[in-house]
Amino acid sequence: MSLERTRHFASGVYRRSLRGLDHGLPAGSLDEAVQVFDDLQRDAASSGGWWALARCWISEAIAVRTLRRTLPSHSHASSRPRPEGAWMILLETLVQDLRYGARTLRRRDGFAIVSILALALGIGVNTAVFTAYKALIARPLDARDPDTLVNFSLRLHSGATHATFSYPDYEAYRDGLRSFSGVIAFSIEQLTLTDAGGAVARRGAENGSLIGRLGLLPPSASNKEIASTFVVSENYFSVLGVAPERGRVFDAMSASELAASPSVLISDNYWQRRFAGDPAVLGKTIRLQGTVFTIIGITPADFTGTSVAAPNFWLPLSLYPLVHADSRRLRDREDLCCRVFGRLAPGASMREAQAEATVLASRLRALHEPNSELRKDVSAVMSPGSPLPGINASLRLTIVLIMAAAGMVLVIACTNAAGLQLARATARQQELGMRLSLGASRSRLIRQLVTESTLLGVLAGSLALPVTWTMLHLAVTRAAEEFPAEYTLVLNINPDLAVFVYVLVISVLAGVLFGLVPAVASSRSALFSITRATGTSLVHSRLRHGLIAAQVAVSVTLMIAGGLLVRGAIQALRMDTGYDVEHLVDVSLQFPEGRTYAADYKAALVRDVRSRLAALPGVTGITSARPPSDQGGTRAAVSLNGEAPSPRNLRATLYYTWVQPNYFETLGIPLSRGRGFRAQAGPPDHAVILSDSAAQRLWPGQNPIGQSLRLGTDGQFHNTGELLPDGPTWQVVGVARDTRGVTLDGSDSQQVYVPLPEDRLQDSPILVRTHSDPTLVIRPMEAEIATVDPGLTATTSTLQAMLRRTDAFLITSTLAAIASSISLFGLLLASMGIYSTVSYDVVLRTRELGIRMAIGAPKRNVLALVMRGSLRPVVAGLLLGSILAGGASRLLRGVLYGLSAIDVISFVGASLLFLVIALAASWLPSRRAMRIDPLVALREP
Amino acid sequence: MDASNQEQCESQKQYAHGIDGKDSISTREWYTIIRYMSARRPLSPQVFQILLSLAERPRHGYAIILEIQERTASKTRLTASTLYAALKRLLDAGLVAEVAAKAGDSDPRRRYYRLTPSGVAAGRAEAARLDALTTEARARRWLPARHFES
């Protein structure tokens with residue numbers, strides 16, 4: 001709201017507040033008072049802005065209040081009845097209730113503190129999830145006016161959604177759409193940086209950190225700097241409406257100028273970190289992948305554009321061929337390199353834009369390869385601008401599950417507080433009964449109790465907000481440290497209006513939720529208690545036990561779901577991969593840039609390295625090939641019967657891997673048919689080995705041995721100089737067992753193994769098989785490689801660690817971590833609930849237990865009695881929870897890895913764990929029951 | 001009523017003549033003056049400030065607030081409600097009266113107020129009371145001694 005409108009609004013409020021005070025002012029001067037108030041507001045606003053304005057309101061409000069108080073009371077009565085009378089009465093009773101509630105809470109501070117803590121935990125978990133959702137999922141693009149920006153994606157014929165586009169397609173969208181004032185493209189690259197001078201930035205997350213320990217960091221190459229680079233279209237910054245902090249951006253230069261002097265932008269974050277904010281960085285040259293670039297500008301601090309993190313450099317898309325020595329990417333329509341975003345033209349709606357883009361997409365179909373998915377029916381989909389490449393079904397399910405889990409923790413917290421409230425109401429029976437008999441209506445009593453619980457809810461909310469914010473702040477700082485140092489993770493978790501409103505709403509909701517049931521129940525029993533002194537606690541204890549059962553049920557559901565996910569993540573690692581993951585190390589060599597290393601020199605180096613590694617103690621085998629755990633597989637079109645691959649005779653597009661004859665033996669992949677490759681000097685035969693599923697795909701139900709095929713890599717992205725299997729007719733000589741791939745759909749289990757020529761050893765990583773724990777051999781291996789040529793960079797990683805970095809594992813394990821920490825909160829709350837309920841039961845039954853002990857019941861029996869009573873609702877809750885968890889795990893099946901939905905270990909384990917904790921939670925207060933002194937207990941009223 | 005008081009009343013009467021430009025003070029006004037003087041009821045700081053601000057010339061409400069704020073270097077700020085509540089009391093007591101708006105003022109909502117002789121008297125009485133108080137404070141060295149121009 002503008003200052004002007006706020007002022008008018010405040011004047012209106014002021015006029016209303018003076019109503020009924022007319023007799024306190026000179027006759028007819030009401031208008032003038034309002035006029036003066038408005039003048040004062042205007043002065044304040046012009047001199048001190050919002051702050052002064054607020055001060056003006058506060059002093060005016062105090063003055064009006066004083067005026068009301070000093071007026072003789074009869075004048076109140078004589079003022080005409082106000083239309084908002086009913087509201088005023090409600091408001092007055094509300095204030096009355098609040099003050100009364102605050103007084104009561106102060107008296108029973110123990111009760112209030114426990115309730116507030118329980119609720120704060122529940123509200124805190126929800127606030128954290130909501131804030132994280134806002135910061136990660138629902139975040140807008142980092143741009144001026146982000147509401148008019150949209151994400152482009154295509155819905156394919158198969159129903160799948162594609163958020164990446166080829167460069168030629170991007171150009172067509174950029175130039176052919178009228179509904180957009182600008183269309184931009186964006187892609188992420190990791191490039192090697194040399195000649196930057198100054199101190200080399202240290203990796204933020206080393207192996208000691210959590211992510212490092214989990215093996216989630218990409219392997220670090222020790223003597224090479226990696227620079228994260230966002231490759232963006234030249235109009236990127238102007239369409240986003242972001243000006244450089246210093247220097248200029250790409251569209252200030254013409255295409256020919258850019259080509260003549262290749263330029264990059266540096267991010268403020270990297271500039272500060274790497275160059276200590278040195279202003280001389282503008283105009284400085286650096287080398288990315290060996291090509292010289294000039295830094296022409298600095299982007300603002302924490303500017304993330306269409307991503308969630310700030311990179312080191314920004315590179316124009318037109319210069320992409322310079323860093324990959326390959327211009328295919330900009331010409332290949334099948335190479336989906338870039339994500340595309342657009343800014344809607346003024347007046348254009350998203351629907352219109354979508355319709356226009358769909359027409360264009362259908363026109364582009366004809367230009368795609370015949371076997372391309374993009375050749376079939378496609379429609380363009382526009383979604384509100386977001387750095388995330390579209391929320392797919394499994395991510396949506398994940399979000400829903402996490403939200404549901406957080407909601408469940410809130411339910412547990414409310415149930416917990418409700419139990420306490422009920423216990424407290426039992427103690428206040430006397431007071432409530434008295435008020436009822438003095439003429440308070442039941443609804444008035446319920447309102448009183450609900451107001452009290454709402455007060456608790458709001459107090460809990462105001463406690464939860466700063467605590468949650470501090471925790472999230474710590475978590476984000478930690479996450480930013482753990483994040484690969486090449487990127488600056490930018491997450492905005494500062495609470496804004498939406499978070500405040502969210503917390504307020506759930507706090508009030510929680511207050512009403514946990515207050516309503518006990519209020520209704522205790523006001524009813526208070527009615528009885530006027531006539532009968534006892535008998536009410538029975539109803540109450542049933543309700544309390546019901547609440548405990550509910551808490552247990554919900555929290556067991558959470559625990560079982562969390563357990564399932566954790567087991568799923570473990571399973572994902574342990575699952576039979578079809579090869580030996582545990583004893584293999586991947587050694588990737590990079591040759592120095594700048595120096596001329598001829599191909600045969602490289603091959604000789606690799607041979608030298610291999611022979612030295614093979615001689616190391618503990619090494620039992622060595623081969624050169626891309627391991628199955630690597631995410632960057634290569635694909636080729638396959639045609640049969642010796643025909644050259646073309647769209648007409650295309651049989652399938654399969655992954656292929658160059659391997660040496662000893663590959664299968666070294667990795668432990670058995671052959672199911674035929675023979676392996678023959679080890680021989682000179683160029684290998686034109687023989688291939690297929691994986692089981694590839695053979696099944698190409699020759700279903702037939703014997704593939706002796707059949708022939710040809711491979712074609714046209715239309716696939718590959719680097720210059722890469723060894724390609726195009727050309728010869730290959731004869732199938734054997735079939736190997738499937739290995740489990742790393743793609744989520746498992747399509748890379750279908751492999752064609754092609755024999756690697758001896759002189760191309762340098763193209764593939766070296767795989768080393770070890771006798772025992774491979775991590776022990778890594779250090780000596782690195783030392784050995786350094787003795788061969790100090791210029792060589794070796795990146796080593798166990799295959800186990802590579803598997804942990806795959807998408808499938810990351811998704812499952814993140815989900816498992818979140819779910820188990822949420823379920824931990826649930827468990828904590830539920831045990832708090834059990835503890836407090838049993839404690840309260842013992843207090844209520846002091847007299848009864850005293851009598852039992854006085855007439856000779858042994859202490860052991862008393863303990864058993866109390867424990868039995870308190871465990872009954874726990875067991876009921878466990879049963880109910882298992883049923884709920886059964887339902888929940890059916891939902892989870894989408895993200896579970898090879899687990900049956902009813903996983904006995906998770907179910908039994910969680911239930912047993914819970915039972916033990918429940919036993920402990922009820923044992924402590926039950927012990928107090930044993931120590932009751934019968935004499936004291938009997939004397940109690 | 002003792003003799004000295006009578007004398008003070010006399011001087012008040014002459015002063016009021018000067019300000020009001022009237023020849024006589026009405027009985028009602030005399031009554032008010034005497035009541036204020038005999039009660040020796042201190043005026044509230046705000047009321048006293050309003051009287052001071054109207055001493056020079058008639059003003060409208062907003063001008064009163066501004067004048068007080070300016071004169072006291074913002075130490076005393078009146079709110080609209082305080083001002084009008086005080087004006088109401090002053091009007092009821094007959095210490096101020098409404099005058100017709102100036103010809104130049106276009107806003108019809110503006111009302112102008114002036115001091116009545118009783119208002120002047122009450123103001124003077126309050127000033128005298130404060131003066132007596134500060135003299136006593138000075139005698140006890142709570143305030144520095146005054147430098148007389150001599």
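View 1. At 10% relative accessibility, Thr79(B) counts as buried, because buried means under 20% relative accessible area, with exposed over 50% and partly exposed in between (1.4 Å probe, protein chains only). The model is predicted: local features need pLDDT of at least 70, side-chain atom pairs count only at pLDDT 80 or more, and totals for chains, interfaces and linings use all residues. Residues are numbered from 1 along each chain as its sequence is written, chains are lettered from A and ligands numbered from 1 in the order in which they are written, and side-chain values use heavy atoms, with hydrogens and water left out. Thr79(B) sits in the loop between helix 4 and helix 5 of chain B. Helices (H or I, at least four residues) and strands (E, at least two) are DSSP runs, numbered from the N terminus. Not counting residues up to four places away in sequence, Thr79(B) touches Leu40(A), Ser59(A), Glu60(A) and Ala63(A), as well as Ile65(B). Contact here means heavy atoms within 4.5 Å.

**View 2. The interface of chain B and chain A.** On the chain B side 21 residues are in contact with 24 residues of chain A. The area buried between the two chains is about 1700 Å², and carbon and sulfur atoms give 56% of that area. Buried area is the accessible area (1.4 Å probe) that two parts lose on being put together, summed over both. The rule finds six residue pairs in polar contact across this interface, both residues at pLDDT 80 or more. Which elements of chain B give two or more residues to the side that touches chain A? They are helix 4 (61–71) and helix 5 (80–93). Helix 5 of chain B gives the largest share, eight residues. By type, the residues on this side of chain B divide into 10 nonpolar, five polar and six charged. Ala, Val, Leu, Ile, Met, Phe, Trp, Tyr, Cys and Pro count as nonpolar, Asp, Glu, Lys and Arg as charged, and the others, Gly among them, as polar.

**View 3. Helix 4 of chain B, mostly covered.** Eight of the 11 residues of helix 4 of chain B are buried. They are Gly61(B), Tyr62(B), Ala63(B), Ile64(B), Ile65(B), Glu67(B), Ile68(B) and Gln69(B). These residues pack against helix 2 (30–70) of chain A. Within chain B, their packing partners are helix 3, strand 1 and helix 5. Ala73(B) follows helix 4 of chain B, and its phi is positive, near 50 degrees.

**View 4. Helix 3 of chain B and its packing partners.** Helix 3 of chain B covers residues 45–56. Its buried residues are Val47(B), Phe48(B), Gln49(B), Ile50(B), Leu51(B), Ser53(B) and Leu54(B). They pack against helix 4, helix 5 and helix 6 (117–139) of chain B. They also pack against strand 1 (59–60), strand 2 (96–99) and strand 3 (112–115) of chain B.

**View 5. Aromatic pairs in chain A.** Over all chains, the structure holds 23 aromatic pairs. The ring centres of Phe165(A) and Tyr173(A) are 5.5 Å apart and the planes stand at 85 degrees, so this pair is edge-to-face. Both Phe165(A) and Tyr173(A) are buried. The ring centres of Phe186(A) and Tyr236(A) are 6.3 Å apart with planes at 15 degrees, so this pair is stacked. Phe186(A) lies in strand 4 (residues 180–194) of chain A and Tyr236(A) in helix 8 (residues 236–240) of chain A, so the pair ties together parts that are 50 residues apart in sequence. Both Phe186(A) and Tyr236(A) are buried. Rings of Phe, Tyr and Trp (its six-membered ring) pair if their centres lie within 6.5 Å; planes under 30 degrees apart count as stacked, over 60 as edge-to-face and the rest as tilted.

**View 6. Gln448(A), a buried residue of helix 16.** Gln448(A) lies in helix 16 (residues 442–482) of chain A. With 2% relative accessibility, Gln448(A) counts as buried. Its side chain makes a polar contact with the side chain of Glu452(A) at 2.6 Å. A polar contact is a pair of N or O atoms within 3.5 Å; within protein, one must be able to donate a hydrogen and the other to accept it, and residues adjacent in sequence count only if both atoms are side-chain atoms. Leaving aside neighbours within four places in sequence, Gln448(A) is in contact with Asp97(A), Tyr100(A), Gly101(A) and Arg435(A).
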